[in-house]
Amino acid sequence: MSVRVVVADDQEIVRTGLTMILDAQPGIEVVGQAADGRHAVELARRLRPDVCLFDIRMPLLDGIEATRALAEPDVADPLAVVVITTFDLDEYVYAALRAGARGFLLKDAGPVLLAQAVHAAANGDALIAPSVTARLLAAFAGAGPAATPVQPVEPLTEREEQVLAAVAAGRTNSEVAQQLHITLSTVKTHVTSLMNKLGARNRVEIAIWAHETDRVRRGTHR
């Protein structure tokens, strides 16, 4: 079954381009398009797509507010949202992730990365543009009030620490498997275990926790 996607961007040429790229990918079907955030939210609530791909700068309701309306923790039966933007601005990423986005891409992402982000979001995973991941998550950890990071319900194993560091560096599951010489299913098992131990909803929150607890720097010295 194909991953059903709603695309929202106020620029028709961009919206059409994203739709053509996604429709050309195996296993992905664009089922709706919107030119503003308000219509995007209405369309998403009506069609219940597997993934919403939203631009940030849209009239009537921007992509952050649209994401918050569909994906924030208080939303019943939230939808998966991937935010895409031209602007490599940290505040956009923070706001999108805080609003519940499962991915953040720049518009210079190629078709392969775009398809990976859509499939990751559909599978309950998250993908952030590799070019901005490390910088953004590091800054994320230092932004806002210094809340005490949650403690894991059980100690992390050494392998989980290695997976944690790789996830925090923005690597996909496939890249983690290749780096650690383990299977993809084993990576997924470790990521699920990390989510359970940390009370994280997705790999983005895992990565944030890694930065907040300085695990990334320590992980690089293993």
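**Close-up views of a predicted chain**

Among contacts in the chain (contact means heavy atoms within 4.5 Å) between residues at least 6 apart in sequence, 64% join residues at least 24 apart. This is a predicted model, in which local features need pLDDT of at least 70 and side-chain atom pairs count only at pLDDT 80 or more, while totals for chains, interfaces and linings use all residues. Residues are numbered from 1 along each chain as its sequence is written, and side-chain values use heavy atoms, with hydrogens and water left out.

View 1. Let's start with the overall picture. The chain has 11 helices and six strands; these are DSSP runs numbered from the N terminus, with helices being H or I of at least four residues and strands E of at least two. Of its 222 residues, 49% count as buried (buried means under 20% relative accessible area, exposed over 50%, partly exposed in between, with a 1.4 Å probe and protein chains only). The six strands form an open sheet with parallel pairing, in the order 2-1-3-4-5-6. Strand 2 (28-34) and strand 6 (127-128) stand at the edges with a single partner strand each, so one side of each has no neighbour in the sheet. Two strands pair if DSSP finds at least two bridges between them.

**View 2. Strand 4, inside the structure.** Look along residues 80-85: six of the six residues of strand 4 are buried, so the strand is largely enclosed by the rest of the structure. A80, V82 and I84 point one way, while V81, V83 and T85 point the other way. Strand 3 pairs with strand 4 in the parallel sense over five bridges, and V81 is the bridge partner of C52.

**View 3. D55 at a position annotated in UniProt.** UniProt, in an unreviewed entry, places the feature "modified residue: 4-aspartylphosphate" at D55. UniProt positions are given in the numbering used here, feature names are shortened, and annotations may be inferred rather than shown by experiment. D55 is found in strand 3 (residues 51-55) and is buried, with a relative accessible area of 5%. Leaving aside neighbours within four places in sequence, D55 is in contact with A8, D9, D10, G63, I84, T85 and K107.

**View 4. R15, a buried arginine.** R15 is found in helix 1 (residues 12-23). Here is a curious detail: R15 is buried yet has no salt bridge, and the nearest side chain of opposite charge, E12, is 4.8 Å away. A salt bridge is a side-chain nitrogen of Lys or Arg within 4 Å of a carboxyl oxygen of Asp or Glu; Lys and Arg count as positive and Asp and Glu as negative, while His and the chain ends are not counted. A polar atom of the R15 side chain lies 2.6 Å from the backbone oxygen of D9.

View 5. L127 is in strand 6 and counts as buried at 8% relative accessibility. Its bridge partner is G103, and two bridges join strand 5 (residues 103-106) to strand 6. L127 and Q116 are 11 residues apart in sequence and 7.7 Å apart in space, C-alpha to C-alpha.

**View 6. Two loop residues with positive phi.** D77 lies in the loop between helix 3 (63-71) and strand 4, and its phi is near 55 degrees, a positive value in a residue other than glycine. D77 is exposed, with a relative accessible area of 56%. H181, in the loop between helix 8 (173-180) and helix 9 (184-198), has a positive phi of about 60 degrees. H181 is exposed, with a relative accessible area of 72%.

Note on methods:
Polar contact = N/O pair within 3.5 Å; in protein donor to acceptor, adjacent residues only side chain to side chain.
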